[in-house]
Amino acid sequence: TYSHSEDDAFLLEVKKTGYDDWDEMVDEDDTSVNVYLTSDADTLLVYVFDADTIEPVRDARVKVIAESSDESKSEWVNSNGEAEFNLIPDETYDLEITASGYETVSRTIEMDSGDTTLRYWLISTDRFSFKIRNADDQTAVLNASVYIDGSLAGTTGTAGILTTQLVRGRN
């Protein structure tokens, strides 16, 4: 509701959280005004990869929760392992990444002014590392073959380490 003399133009202002303020002089004889608000949100890109293969984790879900309002948004990553959010700048968010077979990642992030790109590498819950050392001098043993239940799981690298997948809860 407003009133004016209908003889002079008047200033119309529109404000909405998450958008740039809009103001414009309206002619005294105008009967309607279209207002197009421009989002002041910045883009957050989150990329999610497997820590061992460096391939995108395609079934990951990324969730962001604004600390000031508890408003949450969540997205499934695309085939490139990417999730995109439009977030309010100068806000603190809790970020959570979940995927079946991987450890959950939880972080707190600050959205400064400007677009932000984050990359996370998820660790498989079935990941197991073997560290093979020489018993006499504790040096790494290169190219040691590691067998699990009679099957070759792989060979150690220059650090004497082999990382592989073992299903948990089995002997």
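Reply: Happy to! Two strands count as paired if DSSP finds at least two bridges between them. With that in hand, keep in mind that this is a predicted model. The chain averages a pLDDT of 89, and 96% of the residues score at least 70.

The open sheet has 3 strands in the order 6-3-9, with mixed pairing. Its edges are strand 6 (82-87) and strand 9 (116-122), each of which pairs on one side only. On average, neighbouring strands of this sheet are turned by 20° against each other, with direction ignored. Strands of a sheet pair through backbone hydrogen bonds, in either a parallel or an antiparallel way. Strand 3 (residues 42-50) and strand 6 run antiparallel and are joined by 6 bridges.

Now follow the chain into the loop between strand 6 and strand 7 (91-98), where D90 lies. Phi of D90 is near 60°, a positive value in a residue other than glycine. That is worth a glance, because most residues other than glycine have a negative phi. D90 has a relative accessible area of 63%, over the 50% cut-off, so D90 is exposed.

Another loop, between strand 4 and strand 5 (72-76), holds D70. D70 is not a glycine either, yet has a positive phi of about 65°. At 58% relative accessibility, D70 also counts as exposed.

As for confidence, the mean is highest in strand 4 (residues 61-66), at 97, and lowest in strand 1 (residues 10-14), at 88.

Methods:
Residues are numbered from 1 along each chain as its sequence is written. This is a predicted model: local features need pLDDT of at least 70, side-chain atom pairs count only at pLDDT 80 or more; totals for chains, interfaces and linings use all residues. Side-chain values use heavy atoms; hydrogens and water are left out. pLDDT is the predictor's confidence in each residue, from 0 to 100. Helices (H or I, at least four residues) and strands (E, at least two) are DSSP runs, numbered from the N terminus. Axes are lines fitted to C-alpha atoms, for helices over the stretch in contact, and angles run from 0 to 180 degrees between N-to-C directions. Buried means under 20% relative accessible area, exposed over 50%, partly exposed in between (1.4 Å probe, protein chains only).
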